[in-house]
Amino acid sequence: MSVNSLKKQSFGDNGKNIFPPRLIAWEITRSCNLTCVHCRASAETGTYKGELGTDRCMEILKEISDVAKPIIILTGGEPLLRKDVFDLASRGTELGLKMAMATNGTLLTDDIVKRMIKCGIQRVSVSIDAPDSARHDTFRNVPGCFDKTIDGIKCLKSGGIEFQINTTVTRHNSEAIQEMLDLAINLGAVAHHLFLLVPTGRAKELVNQEIEAKEYEKLLYWFYSMRGRVPLHLKATCAPHYYRILREEAHKKGEYVSRETYGMDAVTRGCLGGTAFCFIGYNGAVQPCGYLDISCGNLAEDGFENIWNNSSVFNDLRDYSKYEGKCGQCEYIRVCGGCRARAYESTKNYLSQEPLCSYVPNRVQRENING
């Protein structure tokens, strides 16, 4: 594919980007009742100066709805610590946005679940990082939080709101992923999402807990092998190589990857940062994702449409011809893209190659053979 055709994938004839946001994670508060060792925000209990007020948040929801109708994930910190969280969810629903919430689950009650349903929250993600209390509580730094999370999930189940389990994978729990999947199934989750550790925030202290590239690859092949064998949807997040593996394995079986055969996995990209996804911080700062700590504008000062359409960082990420190293030479650039946050943490260049990728692109192989 030529450079011009690559650019045409990202920009219309007049140069304006043609990528609508499909998913937005909004850190409506950084306050949290846990102090998890892997937290990208180093969140803790207390107030954070500069948190956007209710009126501005309501305006932002309208600005987003004028651009597209994406899924809005209300996250934190712990979003249930924000007093107007259900008002914001209700407003988003009124505007036609698909509202979801990401929580640690410890504050969920039957009453809160009823309020979630009433304000239109369609799905809740709950983070569990080990299949038992000893390991999970150690990771979350609060004794007893595993049991509280399980109790909260039971409230979601009995209340009839669908939920998914999110698991951050590190060396400390990589051997327990099958147990985690079994737990998600037994709890009645509709999906299990694996998040490969990105060493940002408090997680910088866990940089030596990242699994190595070959183990990373092995885990993703195992994850692929679970497709169709379990009664829930599986998704790899911060693990863009999965979408290359999916196509490699489909090719081996003589299958064509389409929405009809592979669902949403066929029409999504590995790294969505700046192309279909963005992150909004508690203070209005907009980033490609929560792990790529580069401000692309601030909603305390500017409108969403202007930031989404005109951020130089976003437009860099949408122009695949700018990607460097083997990512820039890879035939899977459009479906994978490499983790931009992991690249940035490794090199301070968000366009450099993904450091935890063991795949050698065909073009690089040919260049090595030809000397």
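1. Let's start with the sheet: nine strands make an open, mixed sheet, ordered β7-β6-β5-β4-β3-β2-β1-β8-β9. Two strands pair if DSSP finds at least two bridges between them, and strands (E, at least two residues) and helices (H or I, at least four) are DSSP runs numbered from the N terminus. The edge positions belong to β7 (233-237) and β9 (286-287); each has a single partner strand, so one side of each lacks a neighbour in the sheet.

2. A word on the basis of these notes: this is a predicted model, where local features need pLDDT of at least 70 and side-chain atom pairs count only at pLDDT 80 or more, while totals for chains, interfaces and linings use all residues. Residues are numbered from 1 along each chain as its sequence is written, and side-chain values use heavy atoms, with hydrogens and water left out.

3. Within the sheet, have a look at β1 (residues 23-27) and β8 (residues 277-280), which run parallel and are joined by four bridges. W26 has I280 of β8 as its bridge partner.

4. For the overall picture, the protein has 15 helices and nine strands. Of its 371 residues, 57% count as buried, where buried means under 20% relative accessible area, exposed over 50%, and partly exposed in between (1.4 Å probe, protein chains only). Among contacts (heavy atoms within 4.5 Å) with a separation of 6 or more, 68% come from residues 24 or more positions apart.

5. Helix α9 (residues 242-252) is mostly covered, with nine of its 11 residues buried. These are Y242, Y243, R244, I245, L246, R247, E248, E249 and A250. Their cover includes α8, β7 and α10 (259-262). After α9 comes G254, with a positive phi near 75°.

6. Helix α14 (residues 340-347) is also worth a visit, being mostly covered: six of its eight residues are buried. The buried ones are R340, A341, R342, A343, Y344 and E345, and they pack against β6 (191-196), α8 (213-225), α12 (312-318) and α13 (325-328). Just after α14, K348 has a positive phi of about 65°.

7. On to the cysteines: how many disulfides does the count give? The count is zero, taking a disulfide as a pair of cysteine sulfur atoms within 2.5 Å. For C296, the nearest cysteine sulfur is that of C278, 8.5 Å away; C296 is buried, at a relative accessible area of 10%. C330 is in no disulfide either, and its nearest cysteine sulfur, that of C336, is 6.5 Å away. C330 counts as buried too, at 14% relative accessibility.

8. Finally, the empty space. Rolling a probe the size of a water molecule over the atoms shows where such space is left. By class, eight lining residues of the largest cavity are nonpolar, three polar and three charged; Ala, Val, Leu, Ile, Met, Phe, Trp, Tyr, Cys and Pro count as nonpolar, Asp, Glu, Lys and Arg as charged, and the others, Gly among them, as polar.
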